[in-house]
Amino acid sequence: MDDERTTFAESGAAPRVVIVDDHRLFRSGVRGELGDAVDVIGEAGDVDSAVRVIAEKQPDLVLLDVHLPGGGGSEVLRRVLPRLPEVTFLALSVSDAAEDVIGVVRGGARGYVTKTISGRELADAIIRVADGDAVFSPRLAGFVLDAFSATDAPPMDPELDRLTQREREVLRLIARGYAYKEAAKELFISVKTVETHVSSVLRKLQLSNRHELSRWATARKLV
């Protein structure tokens, strides 16, 4: 950013923000938590609508979920940043997986925080990123440092690549010992949807039960 420009932190002005998340109730909750700290000027629930709203509103910052219908947060970054490089992105996700963090940071996001963050902390992170800082939840910063200090990208896992982003989210929670009801609450989806995803994961990975699933995930350091 231009060093001559007064920062949002200095001026007390509210950054203009677009919230991109596929759960309407979550977007509403974020609006409520942020209050007057930011100016929410638009919302979107999938990749195509996100690209359209960002192009129309041209916000200071986009609060971006990693897992979205239509290609995920990385696809939004790929389609927006070449045309609107002045827009900054802060990822906000339930996922704390290294590959998700690294993927969006390589795509151009300036920070990554998890959905356990408080409203006050989120508002502070938005202002800092809009002012040009990089902000990460504490344990996630190590992923970024490790990734960008390495000479090679981490190897791909063909089995993991068979899973959709949502299936990976469900996999990690179930492998950590979450009950189906707890996983559903964490991901803002129904218990039935969790059951469907677990069945799909077991089928794709050729596993028999959640205990085998946990061992599979632990062996790959996904939990």
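## Helices α3 and α4

α3 passes α4 in a right-handed crossing (the near helix is turned clockwise from the far one by less than a right angle; helices are DSSP runs of H or I, at least four residues, numbered from the N terminus). This is a predicted model, where local features need pLDDT of at least 70, side-chain atom pairs count only at pLDDT 80 or more, and totals for chains, interfaces and linings use all residues. Residues are numbered from 1 along each chain as its sequence is written, and side-chain values use heavy atoms, with hydrogens and water left out.

α3 covers residues 47-57 and α4 residues 73-80; they pack at an angle of about 35 degrees with their axes 9 Å apart (axes are lines fitted to C-alpha atoms over the stretch in contact, and angles run from 0 to 180 degrees between N-to-C directions). On the α3 side, Val47, Asp48, Ala50, Val51 and Ile54 meet Glu75, Val76, Arg79 and Val80 of α4 (contact means heavy atoms within 4.5 Å). That contact splits into 6 nonpolar, no polar and 3 charged residues (Ala, Val, Leu, Ile, Met, Phe, Trp, Tyr, Cys and Pro count as nonpolar, Asp, Glu, Lys and Arg as charged, the others, Gly among them, as polar).

## Helix α9

α9, residues 165-175, is mostly covered, with 10 of its 11 residues buried (under 20% relative accessible area with a 1.4 Å probe, protein chains only). Charged names turn up among the buried ones, including Arg166, Glu167, Arg168, Glu169 and Arg172. After α9 comes Gly177, with a positive phi near 100 degrees.

How values were computed
Buried means under 20% relative accessible area, exposed over 50%, partly exposed in between (1.4 Å probe, protein chains only). Helices (H or I, at least four residues) and strands (E, at least two) are DSSP runs, numbered from the N terminus.
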